[in-house]
Amino acid sequence: MSREPAPASEGAGAERLPGPQHVAIIMDGNGRWANARGLPRAVGHERGVEALRRTVEAAPELGIRYLTVFSFSTENWRRPAAEVSALFGLLKAYVQRDLSRLKREGVRIRVMGKREGLPADIAELVDKAERETEANSDFYLNIAFNYGGREEILRAARKACDAIQHGELAVENLDEKAFAGFLDTDGIPDPDLLIRTSGEYRLSNFLLWQAAYAELVFTDVLWPDFDKSTLEQSIAEFRSRERRFGAVSPEAN
Ligand code: IPE
Ligand code: IPE
Ligand code: MG
């Protein structure tokens, strides 16, 4: 017997399966959104920032506590220099414009990914955003920028080796929990739901460790068109799934 799909929105007496606590999003399709309109790709990225603002606003309203967004991958350096610098400029503008409001609203910002190789002004701004919001705990916004899952795991492995070498950690105590503490998501629960927009079906090196048991939802919506209703639909799909974590379904007997 399969579980009844949960209703997409609250209704009188509706039974609600728990919603995702942590949602991760691969924000994809900005270029195609712009191309379809005969606009430069950069315009698609600008509209993508607006979709990010909408999503950050909608997420806590839908019961989400942690939101992790993929905004620049370690592989995105392969793009033309002008596009890379447009993407860096947009991150800078987003933090500059939204930081004080997010801080007031109780949002804790964390920027995941490799800091080396980032221009000094961006690295400083990112440090400032993390520092100024570190006392907040109402909502967690993790921005993966210059991020690659393999790079993150390697960096964590180096930190673990360093701790072992300095006698701070015994090899036999390096278990999954201890290792996760060296990742950029230290202290953040694993994502329950991972959404990718734009009809692509791959992880593209996002959260390789953390997404081990995430429910994957793929939508054809291009990222600049993403809004609260797309997020609600993804959550409804999440709620219709049965998460077994390797165990036998209680309904199998
Ligand atoms: C997502 O949109 C933004 C980044 C990867 C930085 P894309 O720029 O990848 O858009 P498409 O996939 O070319 O449409
Ligand atoms: C993944 O999208 C990275 C981000 C959304 C930042 P890409 O568009 O770079 O991924 P591929 O190239 O389609 O795998
Ligand atoms: Mg893409």
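A residue counts as buried when its relative accessible area is under 20%, as exposed when that area is over 50%, and as partly exposed in between. In the predicted model described here, Asn205 has a relative accessible area of 15% and is therefore buried. Asn205 is placed in the loop between S5 and S6. Its phi is near 70 degrees, a positive value in a residue other than glycine. Most residues other than glycine have a negative phi.

The loop between strand S5 (193–196) and strand S6 (215–218) also holds Ser204. Phi of Ser204 is positive, near 50 degrees, and Ser204 is likewise a residue other than glycine. With a relative accessibility of 29%, Ser204 counts as partly exposed, because the value falls between the limits of 20% and 50%. The side chain of Ser204 takes part in the surroundings of ligand 2: an N or O atom of that side chain is 2.6 Å from an oxygen atom of the ligand.

Two further side chains approach oxygen atoms of ligand 2. An N or O atom in the side chain of Asn76 is 2.8 Å from an oxygen atom of ligand 2, and a distance of 2.8 Å is also found for the side chain of Arg202. Taken alone, ligand 2 exposes 390 Å², of which the protein buries 77%. The residues around ligand 2 are Ile26, Met27, Asp28, Phe70, Ser71, Phe72, Asn76, Arg79, Arg196, Arg202 and Ser204. By class, this shell divides into four nonpolar, three polar and four charged residues. Strand S2, which spans residues 66–73, gives the most to the shell around ligand 2, with three residues. Ligand 2 sits in the largest pocket.

The largest pocket is also where ligand 1 sits. Helix H1 (30–35), helix H2 (41–61) and helix H3 (81–104) are the elements that give two or more residues to the shell around ligand 1. Of the elements, H1 gives the most to this shell, with three residues. In total, 13 residues surround ligand 1, and the closest are Asp28, Gly31, Arg32, Arg41 and Arg79. The shell around ligand 1 is made up of two nonpolar, six polar and five charged residues.

Contacts with oxygen atoms of ligand 1 involve both side-chain and backbone atoms of the protein. An N or O atom in the side chain of Asp28 is 2.9 Å from an oxygen atom of ligand 1. From the backbone, an N or O atom of Gly31 lies 2.9 Å from an oxygen atom of ligand 1, and a backbone N or O atom of Gly29 lies 3.3 Å from an oxygen atom of the ligand. The area that ligand 1 exposes when taken alone is 380 Å², and the protein buries 87% of it.

Asp28 is placed in the loop between strand S1 (22–26) and H1. At 16% relative accessibility, Asp28 counts as buried, because the value is under 20%. The side chain of Asp28 is joined to the side chain of Arg32 by a polar contact of 3.5 Å.

Two other positions bring together residues that are separated in sequence. Ala42 lies in helix H2 and has a relative accessibility of 31%, so that it counts as partly exposed. Ala42 and Asn30 are 12 residues apart in sequence, with their C-alpha atoms 8.3 Å apart in space. Pro18 is placed in the segment before S1. Pro18 has a relative accessibility of 63% and therefore counts as exposed, the limit for this class being over 50%. Between Pro18 and Gly63, the separation is 45 residues in sequence and 9.4 Å in space, C-alpha to C-alpha.

Definitions and conventions:
Residues numbered from 1 in each chain as written. Chains lettered and ligands numbered in written order. Predicted model: local features only at pLDDT ≥ 70, side-chain atom pairs only at ≥ 80, totals over all residues. Heavy atoms only, no water. Near = heavy atom within 4 Å. Polar contact = N/O pair within 3.5 Å; in protein donor to acceptor, adjacent residues only side chain to side chain. Areas by Shrake-Rupley, 256 points an atom, 1.4 Å probe, with all protein chains shown as cover. 1 Å grid on protein atoms, 1.4 Å probe; cavity = no way out; pocket = protein on both sides within 12 Å on 5 of 7 lines; lining within 4 Å. Sits in = over half its atoms within 2 Å of the grid points. Helix = DSSP H or I, 4+ residues; strand = E, 2+ residues; numbered from the N terminus. Nonpolar A, V, L, I, M, F, W, Y, C, P; charged D, E, K, R; others polar. Buried < 20%, exposed > 50% of the residue type's maximum accessible area, 1.4 Å probe, protein only.
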